[in-house]
Amino acid sequence: MNPLTLSIFIMSLGLGTTITFSSSHWLLAWMGLEINTLAITPLMIKQQHPRAVEATTKYFLTQAAASALLLFASMTNAWMTGQWSILEMENMTAITLITLALALKLGVAPMHFWLPEVLQGLDLKTGLILSTWQKLAPFIILIQMAPALNPNIMISLAIISTLIGGWGGLNQTQLRKILAYSSIAHLGWMIIILHYSPNIAMLNLVLYLVITSTIFLLFNLTNSTTINSISMTTTKNPIISILIMMTLLSLGGLPPLTGFMPKWLILQELAYQELFLVATIMAMTTLLSLFFYLRLTYSTTLTMTPNSMNMMSSWLTKKNLKPIIPLLFPLTTMLLPLTPMLYFSLQ
Amino acid sequence: MTPMHFTFTSAFILSLLGLTIHRTSLLSALLCLEGMMLTLYIALTLWSVENSSSAYLMSPLILLAFSACEACTGLSLLIATTRTHGNNHLQNLNLLQC
C-alpha cells in the first residue's frame, strides 16, 4: 500500500479513538466508532486475498449493525429523556441495548461469532491492531457509563464469555483463532468487574493490551500461524521460544507473571462484593483457557527438536528484533511486584 | 411513546430483523443497513424539530454524511466479494469457518 495512504488510514484510526475518548455526547462517540470502522477496513482488505475480503466483509457488517444499534438506543434515550449525555443514562431499555451493541462491537460471548473468523482472515499485524486498538473505543464508552449498567446482565455476559472463550479455544490448531478465543475470555474478566470497580477493569484492559501486543509481535517475528509452526521455533531461535513461553503463561495468568495481577484484584473485589459463587465460576472457567495456553507452551518449548515433522520446514529468514519487543516483554512478565502501587493509586 | 417514536422504532426493528434473519445476498444486507441509517436520520431530524433546538439541526446532516460513507464502503466490499468469491451470496462466505 502507498505509504501516504497508509499513514492517512493509521492517523484516522487514531483520530476515531481519540474522538470517542474525549466525547460525552452520544453522536460524537458514534462518529468516533464509525471513523474507526471505516479506517481499518482498507487496512484489513489490503492483501486482496479471498480470506481477507471475507473477513473484512464480516467485520464491516457486524460493526455497522452494532454502531447503528448504538445510535438507535441513544436516540431512544434522547426521545425519552431529552438529553444526549453518556454519563447520565436513565432509560433501562436504552442501557440494555447499548450494552448489547457494545458487546457486539467488542466480541463478548453471545455475540462473539465474528471474532475468530475475522481474526483468522487477517495477517498478524492487522490482527494486532484489531485485537488491541479497536477494543479501546467501545470499552471506554462502557467505562463512562459503568455506574448505570445493569449488574445482572454484565455478570451473565462475563460468565458466558469466559466459558466460551475457554471452551472454543480447546479444539483449535490455528494460533489466530486461539488468540481470538483468549481475547473473548479476557473480555469476560474485564466486564465482570466493570460495574463494581471501573478502575480495575481499566487496569485489566491495559495489561491485556500489553500482553497481547507482545504475543502478536512474537508470532509475527517467527512467522507462525499454527501450532505446528511454533513448534519449529526452538530450532530457529531458542531465545524467542523462551519469550513465547513466558508471554503465554502470563496471558494465562500464572502467579509470578503480570497476567496474574488483574485476576487477583478482580477476585478480591468480587469477594468484597460477596459474589463468592461468581468468583468461583470465573476462576474455574479460566482453567479451560489455561489448558490451551499450556498446550501451546508444551509444543513451543517442552518438546524436543523435531526430527521428522509432518510439515515442510520454512525458510530460515533472518529477521531483526524490533525494539518494541524488548520494551514490552518486561511489562508482560515482571509487573506483579508493582501491584500495591498500581492498586492503591487506583483507589 | 408518541406515534412518531413508535413509527421509527418499528421501522428500525424491521430493518434490523431483515439484516439478521434474511441472510441470502450481501446486497440485501447492505440495503437493510441503509434502511437502518435512514430511519435514524429521520428520527434525529424529527427530534430536533420536536424540541425546536436549532443547535441540533446540523447533526442529521453529519449522520447522513457518515451513512453515505458507510454505504460506499459496503458497496466496495460488495464488488470485492463478487470478484473473489464469484457471486454475492452470504452462504459463499465460508472460507474461514472451522
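## Exercises on a two-chain predicted model

A search of the whole structure finds two salt bridges over all chains, a salt bridge being a side-chain nitrogen of Lys or Arg within 4 Å of a carboxyl oxygen of Asp or Glu. This is a predicted model, in which local features need pLDDT of at least 70 and side-chain atom pairs count only at pLDDT 80 or more, while totals for chains, interfaces and linings use all residues. Residues are numbered from 1 along each chain as its sequence is written, chains are lettered from A and ligands numbered from 1 in the order in which they are written, and side-chain values use heavy atoms, with hydrogens and water left out.

**Exercise 1.** Identify the salt-bridge partners of A:Lys58 and describe their setting.

*Solution.*

Step 1. A:Lys58 pairs with A:Glu54, with 3.1 Å between the closest N and O atoms. Both residues belong to helix α3 (residues 50-81) of chain A and are four residues apart, about one turn of the helix. Helices here are DSSP runs (H or I, at least four residues), as strands are (E, at least two), numbered from the N terminus.

Step 2. A:Lys58 also forms a salt bridge with A:Glu117, where the closest N and O atoms are 2.6 Å apart. This pair links distant parts of the chain, since A:Glu117 lies in helix α5 (residues 114-120) of chain A, 59 residues from A:Lys58.

Step 3. Through shared partners, A:Glu54, A:Lys58 and A:Glu117 form one network.

Step 4. The relative accessible area is 15% for A:Lys58, 0% for A:Glu54 and 17% for A:Glu117. Each of these residues is therefore buried, as buried means under 20% relative accessible area, exposed over 50% and partly exposed in between (1.4 Å probe, protein chains only).

**Exercise 2.** Characterise the interface between chain B and chain A.

*Solution.*

Step 1. Contact (heavy atoms within 4.5 Å) involves 40 residues of chain B and 39 residues of chain A.

Step 2. About 3,500 Å² is buried between the chains, and carbon and sulfur atoms give 81% of this area. Buried area is the accessible area (1.4 Å probe) that two parts lose on being put together, summed over both. Of the area that chain B buries against chain A, B:Trp47, B:Phe66 and B:Leu96 supply 21%, more than any other three residues.

Step 3. Between chain B and chain A there are zero salt bridges.

Step 4. On the side of chain B that touches chain A, two or more residues come from each of α1 (3-21), α2 (26-50) and α3 (59-85) of chain B. The most come from α3(B), with 13 residues.

**Exercise 3.** Compare the UniProt record for chain B with the helix content of the model.

*Solution.*

Step 1. The unreviewed UniProt entry lists residues 6-22, 29-49 and 55-80 of chain B as "transmembrane region". UniProt positions are given in the numbering used here, feature names are shortened, and annotations may be inferred rather than shown by experiment.

Step 2. Residues 29-49 of chain B are 100% helix and 0% strand, with end C-alpha atoms 31 Å apart.

Step 3. Residues 55-80 of chain B are 85% helix and 0% strand, and their end C-alpha atoms are 40 Å apart.
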